[in-house]
Amino acid sequence: VGCAWMMRGTVVSAQDAPNEEGSAGAGKGSDAARKFRAYLDEDWKRWMVEYPEVATGTGFPGQNRRWSDDSPAGIEARKKHLHESAARLKAISRAALPATEQLNYDLYTELLATAEEGSHYGDDPLPFRQVVPQNLWMPLTQMSGIQQGAAETLSSMPHRSVADYEDILALLEALPGSVDEQPAPRQEGSNRRYTPPHFIDS
């Protein structure tokens, strides 16, 4: 939370890029471009639901009272969607896209592929660029973890109306449940000999 994610830039670029085939959308690549843009829009919305902290940080509405589901079932659901999203993207013909959309296609393909590869080593399967990837097997480090992420999310929330403060209170009430989800992935990491620096646990 608080970073500029490359995925969002890709989606915005896809939505705002000029239509190279004319205002009527006629010509080669227009149908493929519409399909690709619809896919990006749908996938972006799905990731915002999967990562409500990211939704809050980017101003995506409707997720301000939730934390990411870091239960084993929640993590597996994100991995499953990542795999399905990559498969859906591959089903779209890159060659049929206009040049600007081919660039977006390549960028998003790389984001998904990197996220899939990282998930094999415990990285959270979110296709967003961060300075330090969140590793589920080491959820608490000197660089990241719920001890920092919760405060960052709360500070990034709107503070303008009664409804905003009700969202903040609801999120605070839900925080203990999110904290309780952290030991399970951490134990899996420990079983795999993934351990943070000693001073984190001291």
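Both tyrosine 39 and tyrosine 108 are buried, where buried stands for under 20% relative accessible area, exposed for over 50% and partly exposed for the range in between (1.4 Å probe, protein chains only). The model is predicted, so local features need pLDDT of at least 70 and side-chain atom pairs count only at pLDDT 80 or more, while totals for chains, interfaces and linings use all residues. Residues are numbered from 1 along each chain as its sequence is written, and side-chain values use heavy atoms, with hydrogens and water left out.

**Nonpolar cores**

The largest nonpolar core contains 22 residues, and Phe36, Tyr39, Tyr108 and Phe128 have the most contacts inside it. Such a core is a set of buried Ala, Val, Leu, Ile, Met, Phe, Trp, Tyr and Cys residues joined through side-chain atoms within 4.5 Å. At least two residues of this core come from each of helix 2 (30-50), helix 3 (52-58), helix 4 (72-90) and helix 5; helices (H or I, at least four residues) are DSSP runs numbered from the N terminus. Helix 2 gives the largest share, 7 residues. A second, separate core has 8 residues, among them Trp67, Leu154, Met157 and Leu171.

**Aromatic pairs**

The whole structure holds 7 aromatic pairs. Rings of Phe, Tyr and Trp (its six-membered ring) pair if their centres lie within 6.5 Å; planes under 30 degrees apart count as stacked, over 60 as edge-to-face and the rest as tilted. Two of the pairs are tabulated.

| Pair | Centre to centre | Angle between planes | Class |
|---|---|---|---|
| Phe36 and Tyr105 | 5.8 Å | 45° | tilted |
| Tyr39 and Tyr108 | 5.9 Å | 65° | edge-to-face |

Phenylalanine 36 is in helix 2 and tyrosine 105 in helix 5, so their pair ties together parts 69 residues apart in sequence. Phenylalanine 36 counts as buried because its relative accessibility is 0%; tyrosine 105, at 10%, also counts as buried. Tyrosine 39 lies in helix 2 and tyrosine 108 in helix 5, so this pair too ties together parts that are 69 residues apart in sequence. Ring pairs join Phe36, Tyr39, Tyr105 and Tyr108 into a cluster.

**Surface patch**

Val131, Val132 and Met143 make a nonpolar surface patch of about 300 Å². Patch residues have over 30% relative accessible area and no salt bridge, with nonpolar side chains (Val, Leu, Ile, Met, Phe, Trp, Tyr) joined within 5 Å and like charges within 9 Å. A salt bridge places a side-chain nitrogen of Lys or Arg within 4 Å of a carboxyl oxygen of Asp or Glu. Valine 131 sits in the loop between helix 5 (99-119) and helix 6 (146-156), and with 73% relative accessibility valine 131 counts as exposed.

Conventions
Accessible areas come from the Shrake-Rupley method with a 1.4 Å probe; for residues, only the protein chains shown count as cover.
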